[in-house]
Amino acid sequence: MKAQEEILTGIATSRGWSFEVYNEGIVSGVTISARPVIQQLLEDARTRKFSVCLIIEFERLSRSQDLLDWLEIKKTFRDAGIKIQTPQQSYDLSQAEDDFVSDLLGILSKREKLKIKERCRRGIEKAKREGAYLGGLPPMGYIANRNTKRLEVYEPEAKIIRMIFKLAETMSPYQVCRNLNANGIKTPKGHLWRERRIRQILNLITYAGKRKLDTGDIVDLKLTPLVTMEQYKKVQMGKKERLTRVHDTNAKYLLTGILRCPYCGRSVCSWVDKRTFKSGKLYERHYYTCSRKRDATCSESKLTPMDKAERILVNAVKSVIAYPEKLTMAYRNSGAYDEAKTIKDEICQVKDRLDEAQKRKENLIDAVANNTLSHEDVRDKMKSLNDQLSYSEGKLIKLEKRLREIDGKGIENVIEVIDRFRELFDNSDVLRKRELLKALLEKAALYREKIILHFRFPVNADGSNIVVAPFIERQRAPKPALESTISNILASTLAPNYKN
Ligand SMILES: [Zn+2]
């Protein structure tokens, strides 16, 4: 900036001009309306305070993507009969030829801006890949050296980080947290540790001297790692193991996440009745019950035997999906089919409106360029057009999103989900079964004599998605008389012989 000012004052002095410097320093504003120095320059141009505007390059005046800015500058200078001068060339804006060139330069600066953006993005990408420190708050255990632009180990914190990783090799984050607090070790700010913070620290691959890129690649960082990669991996493995352990206790229960309490609508949870008889015999039964049973805020405290609930639900689901042609009908009759059509129409309309607004915007720019409209006339119109454009664009995005949602419930998808269910369900483990069920069902509730299923797609002839399936409790078969049992066994063993 200083150097540029010297060049310009040098030129002005050598030509014997009296001059005034307009220096706006480093500009962050994109449009000229956000740049007070340019505003002052234009104001002074209107009152003809000077006759030549000397600039180091055209881009100094307008870097804006908004062509209007350039038109405003040009018009102001032309009306006041002021020339623009760069060290290389002089522009007389009242002459057609120069007009052309200056307009071109205005557009060039806009392209330049895009180029700069692209260059920046590539620069960051490259720096990421090379493992450079990108700025921002350094993680605990490091401080940023502004001169070398590197992260350096900050020993008082680093030793706590190492300790946390060491502890985490055998402990859960919760235990690590309690351990630190019990031993009077505080956070850098002097607070007690929280489990969340420990988890965050253990997740940070930076401590192993690595960075994970968006592409999934892992690169080396230019810093001294606090833990080895082996240690880091070991802690991550431990985390996975703990997670699967938690899952295992849940793995028996097929309907968690699907079944709801029929009285309060809350999800059900598992309930184990476990006891040891005096004889030493173990007794264990599994149930589903309202998750509010524990704190007694739901009046429903019924326990539903696990196997019974699952049997009833799976049978009900299977009977509903047994007839795909019925489901196709249901889809036709549901609102989804019509809604998709309406949305498609609406999308066309919005697109038309977008095109129109874009066209009007271009016309306005032309009008200003041809002097048929003044700059002031156009400002407001331009603003409302821009608002309209961004509103329509937002609406278009929403509509397209909704269309995708509906298409997800399209009949092809439904049939696919059902086929998958039929093929895999019976031979899958509980976790997989649950996943398959969840693809079909939103939720379900089990009452004394009926089950209510909320499907994710229309299943009834009227296009609705809720099925009420009554069921009859399997009655305990009366014990057959001894005599008839024996004759039955005899009959079944003899049966093949009769056929011969
Ligand atoms: Zn409840």
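**Reading helices, loops and cores in a predicted model**

Mentor: S33 lies in the loop that runs between α1 (2-14) and α2. Keep in mind that this is a predicted model.

Trainee: How far is S33 from D69, in sequence and in space?

Mentor: The two are 36 residues apart in sequence, and their C-alpha atoms are 8.3 Å apart in space.

Trainee: Next, α2. How do I read which way a helix faces?

Mentor: An α-helix has 3.6 residues a turn, so residues three or four places apart point the same way. In helix α2 (residues 36-46), the buried residues are I38, L41 and A45. They cover an arc of only 55° around the axis, which puts them on the same side of α2.

Trainee: Which exposed residues does the opposite face of α2 carry?

Mentor: P36 and E43 are the exposed residues on the face turned away from the buried side of α2.

Trainee: Which residues of α10 are buried, and how are they arranged?

Mentor: L327, A330 and Y331 are the buried residues of α10. Viewed down the helix axis, they fall within an arc of 100°, so they line one face of α10.

Trainee: Now a pair of helices. How is their packing described?

Mentor: Two packed helices are described by the angle between their axes and the distance between the axes. Here, take helix α5 (residues 155-168) and helix α6 (residues 173-182), which pack at an angle of about 130° with their axes 9 Å apart. The two helices are therefore oblique to each other. The crossing of α5 and α6 is right-handed.

Trainee: Which residues make the contact between α5 and α6?

Mentor: From α5 the contact uses I164, L167 and A168, while α6 contributes P173, V176 and N179.

Trainee: Where should I look in the largest nonpolar core?

Mentor: That core has 31 residues, and those touching the most other members are L255, L259, L313, L441, A444 and L453. Several elements each supply at least two residues of this core, among them β10 (282-290), α13 (411-424), β12 (441-446) and β13 (450-455). Helix α9 gives the most, with four residues.

Trainee: What does A444 touch, leaving out residues up to four places away in sequence?

Mentor: A444 touches I258, L259, R260, L313, I451, I452, L453 and H454. A second, separate core of 18 residues includes F165, A168, L180 and I201. A168 is also one of the α5 residues in the contact with α6.

Trainee: How many helices and strands does the protein have, and what share of its residues is buried?

Mentor: The protein has 15 helices and 14 strands. Of its 500 residues, 18% are buried.

Trainee: Among contacts between residues at least 6 apart in sequence, what share joins residues at least 24 apart?

Mentor: For the protein, that share is 53%.

Technical notes: Residues are numbered from 1 along each chain as its sequence is written. This is a predicted model: local features need pLDDT of at least 70, side-chain atom pairs count only at pLDDT 80 or more; totals for chains, interfaces and linings use all residues. A residue is buried if 20 or more other C-beta atoms lie within 10 Å of its own, exposed if 12 or fewer, and partly exposed in between; C-beta atoms are placed from the backbone. The arc is that of the directions from the helix axis to the C-beta atoms. A nonpolar core is a set of buried Ala, Val, Leu, Ile, Met, Phe, Trp, Tyr and Cys residues joined through C-beta atoms within 7 Å. Two residues are in contact if their C-beta atoms, placed from the backbone, lie within 7 Å. Axes are lines fitted to C-alpha atoms, for helices over the stretch in contact, and angles run from 0 to 180 degrees between N-to-C directions. Angles under 35 degrees count as roughly parallel, over 145 as roughly antiparallel, 65 to 115 as roughly perpendicular and the rest as oblique. A crossing is left-handed if the near helix is turned anticlockwise from the far one by less than a right angle, and right-handed if clockwise.
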